[in-house]
Amino acid sequence: MSLAFDEFGRPFIILREQEQKTRLRGLDAQKANISAGKAVARILRTSLGPKGMDKMLQSPDGDVTITNDGATILEQMDVDNQIAKLMVELSRSQDYEIGDGTTGVVVMAGALLEQAEKLLERGIHPIRVAEGYEMASRIAVEHLERVAHKFEFSLNDVEPLVQTCMTTLSSKIVNRCKRSMAEIAVNAVLAVADLERKDVNLDLIKVEGKVGGKLEDTELIYGIIVDKDMSHPQMPKQIEDAKIAILTCPFEPPKPKTKHKVDIDSVEKFQTLRLQEQKYFDDMVQKCKDVGATLVICQWGFDDEANHLLMHRNLPAVRWVGGVELELIAIATGGRIVPRFQELTPEKLGKAGIVREKSFGTTKDSMIYIEHCANSRAVTIFIRGGNKMMIEETKRSIHDALCVARNLIHNNSIVYGGGSAEISCSIAVEAAADKHPGVEQYAIRAFADALDSVPMALAENSGLQPIETLSAVKAQQIKENNPCCGIDCNDVGTNDMREQNVFETLIGKQQQLLLATQVVKMILKIDDVISPSEY
Ligand code: ADP
């Protein structure tokens, strides 16, 4: 870019010519794009499945994340390449729509790209490949509907839901207590679900974590928790049928401002002032009691003397509660935030079945639990764990499990996991390819091969011989006509995923295939890459 002047002395800018931009055309563009996409997929491939590896990512400011969640890995990876960014988006959309299967979708897209590369080398036009993929994905998605099972659950029998969440959790760090985690996730979802409308509002489930304790101590709380304690150690630790005054005004006598002048020149005057202050606060406490409050939650603090008085008058209080939390408490308990003390009335009190302070073993930490709130079904999952990284990864795993339970309430169809659904689709797509006379049949067949790479990755990650295992399982599926045969990653002794109780949701699997195909088609259709040159 350079600056020049015309004959009148007016400045104008000469832009660098288009030719000087870096430009890739035709097959070169497609090949470069494909290898970028494949590179991203290769990173995630080893994280797939119950024996998948975790990745450790360090952010520029030194924070470390350890995870095997596809969406998180890609989110934290600093990718520059535009195509790689598309893969990041792909994983994000799967996370957004379904919440689970974020690694699988990228592995599938990577496999499709790899197959496409071979076809392009054989001289097949990218558009034909894209069309073939589109046909094949439609066949696969329809086939999934056919092999899907309805799975029944009721409020009395939530076992199938728990089992499905356990499949999701089995590939995560929390594997050790997947049963209890899955139960927590299912109970949380059922607590906020509207089973008639088949609707679940996940916003009502808060996931909180605190370093300390064991993973096994993770619990589900039917209400909300606040990281605070009662203001005085001798106040009651448990209040039943609590009526809560939620104050954002100072809960103490007004302090003299700096500009006021109070002359105190005798002991008597000082005593009077002190008594007056005491009476003022006493009146405030009385007012709270008069409106019927049994607990005061304040945004502001109060001094030790006031604290002592509160303890004496038997009015428990929690101080220094943040604004966001106050709002949450107000919504959940059906109370109103009181900004001016005079406005405190009985209708403005929030109600909760039980409020208790819980302290944790040897640490001095304690939390306030506000349970069975009047106005809300909101629940909190409170995660404990040895360190921050563990808690963060547990949060992500629980999120996946919550999404799976929600999806099953939306739509209770399932397909079997361990790669069995992919193998079964691959057989169906392969068979369909023979019926297509055109060039597309190569692309359809390539799609079938790409489907195989998911079970292959599962086998590889579990230390099995990928090709041998896959061909054995595929042969078994065809021989027994059983679409439930998959990769026995955990060496249980059977390939039948129905016996192993490894399922995934139908909509999740369908979405994986559709999204992966969509992105690959988009990449294949790019034949000109124009980017600013390096200098
Ligand atoms: P994603 O982020 O895509 O959910 P995961 O790492 O959770 O990836 O791996 C999911 C894959 O692992 C699915 O294909 C699922 O069927 C498979 N899987 C999970 N548990 C088992 C198991 N116990 N045996 C065999 N396959 C399993």
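Before listing any contacts, I wrote down my criterion: two residues are in contact if their C-beta atoms, placed from the backbone, lie within 7 Å. Helices (H or I, at least four residues) and strands (E, at least two) are DSSP runs, numbered from the N terminus.

I reminded myself that this is a predicted model, where local features need pLDDT of at least 70, side-chain atom pairs count only at pLDDT 80 or more, and totals for chains, interfaces and linings use all residues. Residue numbers start from 1 along each chain as its sequence is written.

**Entry: helix H5 against helix H16**

I looked up which residues meet here. Pro126, Val129, Ala130, Tyr133, Glu134, Ser137, Ala140, Val141 and Leu144 come from H5, and they meet Leu506, Lys509, Gln510, Leu513, Leu514, Thr517, Val520, Lys521 and Leu524 of H16. By class, the residues of this contact are twelve nonpolar, three polar and three charged. For the classes, Ala, Val, Leu, Ile, Met, Phe, Trp, Tyr, Cys and Pro are nonpolar, Asp, Glu, Lys and Arg are charged, and the others, Gly among them, are polar.

Next I checked the geometry: H5 (residues 126-147) packs on H16 (residues 506-524) at about 175°, with the axes 9 Å apart. That makes the two helices, H5 and H16, roughly antiparallel. Angles under 35 degrees count as roughly parallel, over 145 as roughly antiparallel, 65 to 115 as roughly perpendicular and the rest as oblique. The axes are lines fitted to C-alpha atoms, for helices over the stretch in contact, and angles run from 0 to 180 degrees between N-to-C directions.

**Entry: the whole protein**

I found 16 helices and 21 strands in the protein. The radius of gyration is 31 Å, well over the 24 Å that the globule rule gives for 535 residues, so the protein is more spread out than a compact globule. That radius is taken over C-alpha atoms, and the rule is 2.2 Å times the number of residues to the power 0.38. The C-alpha trace spans about 105 × 85 × 40 Å along its principal axes.

I also noted that 42% of the 535 residues are buried. A residue is buried if 20 or more other C-beta atoms lie within 10 Å of its own, exposed if 12 or fewer, and partly exposed in between, with C-beta atoms placed from the backbone.

**Entry: two isoleucines**

I found isoleucine 124 in the loop between H4 and H5. With 18 C-beta neighbours inside 10 Å, isoleucine 124 is partly exposed. Leaving aside neighbours within four places in sequence, isoleucine 124 touches Leu119, Val129, Val439 and Tyr442.

Isoleucine 427 sits in helix H12 (residues 420-434). Beyond four places in sequence, isoleucine 427 is in contact with Lys474, Gln477 and Ile478.

**Entry: positive phi**

I noted that lysine 198, although not a glycine, has a positive phi of about 55°. Lysine 198 is in the loop between strand E7 (193-194) and strand E8 (199-200). Histidine 372, also not a glycine, has a positive phi of about 50°, and its place is in strand E17 (residues 366-373).
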